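This report covers a metal site and a charged pair. The sequence and structure come first.

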Amino acid sequence: MARKYSRGGYQPDAPAEEAAAEEPPVPCWLCGRPTGETIVWHHPVPKSRGGRDVVPMHPICQQTLITNFTNSELQRHGMDVQALLDDPAVRKFVDWVAKKDPDFNAGIAKKPRS
Ligand SMILES: [Zn+2]
């Protein structure tokens, strides 16, 4: 599919910082949907608890974990996402967010776009 350029010439359509956007989206660790424009690299074990592994997540999914679990709980569950999904609040969220757009960010303060 050919790209359309507007009259008047070439328009760069991607700032340098979005150069990686051409790679296929990685699935979110929590909800399994493709990640959207913003990928959060979440530490399943909090950095403050020595966690070093990171997983791709939607901002809203990370927010859900932070809201529903303490650092101690996150540390205990670690990479075991199934244990997190077994939490009723998380299960409910994932079922709800499954139908949303990958860039959906309800209730999260957005950075103003420049
Ligand atoms: Zn997600």
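How many salt bridges does the structure hold? The structure holds one salt bridge, a term for a side-chain nitrogen of Lys or Arg within 4 Å of a carboxyl oxygen of Asp or Glu. The model is predicted, with local features needing pLDDT of at least 70 and side-chain atom pairs counting only at pLDDT 80 or more, while totals for chains, interfaces and linings use all residues. Residues are numbered from 1 along each chain as its sequence is written, and side-chain values use heavy atoms, with hydrogens and water left out.

The salt bridge joins the side chains of Arg91 and Asp95 at 3.1 Å, N to O. Arg91 and Asp95 are about one helical turn apart because they lie four residues apart in helix α4 (residues 88–97); helices are DSSP runs (H or I, at least four residues) and strands likewise (E, at least two), numbered from the N terminus.

The zinc ion has the protein donors Cys28 (SG), Cys31 (SG), His58 (ND1) and Cys61 (SG), 2.0 to 2.4 Å from it. Donors are N, O and S atoms within 2.8 Å of the metal (3.2 Å for Na, K and Ca); water is not among the atoms, so sites may look incomplete. The donor atoms subtend angles of 100 to 118°, so the arrangement is tetrahedral (four donors, all angles between 85 and 135 degrees). The donor residues follow the spacing C-x2-C-x26-H-x2-C. Cys28, in the segment before β1 (40–42), and His58, in the loop between β2 (55–57) and α1 (59–68), are 30 residues apart and link distant parts of the chain.

Relative accessible area is classed as buried (under 20%), exposed (over 50%) or partly exposed (in between), with a 1.4 Å probe and protein chains only.

| Residue | Relative accessibility | Class |
|---|---|---|
| Cys28 | 4% | buried |
| His58 | 0% | buried |
| Arg91 | 35% | partly exposed |
| Asp95 | 41% | partly exposed |

Notes. Four donors count as tetrahedral if all angles lie between 85 and 135 degrees; four count as square planar and six as octahedral if opposite donors are over 155 degrees apart and all others between 65 and 115; anything else is irregular.
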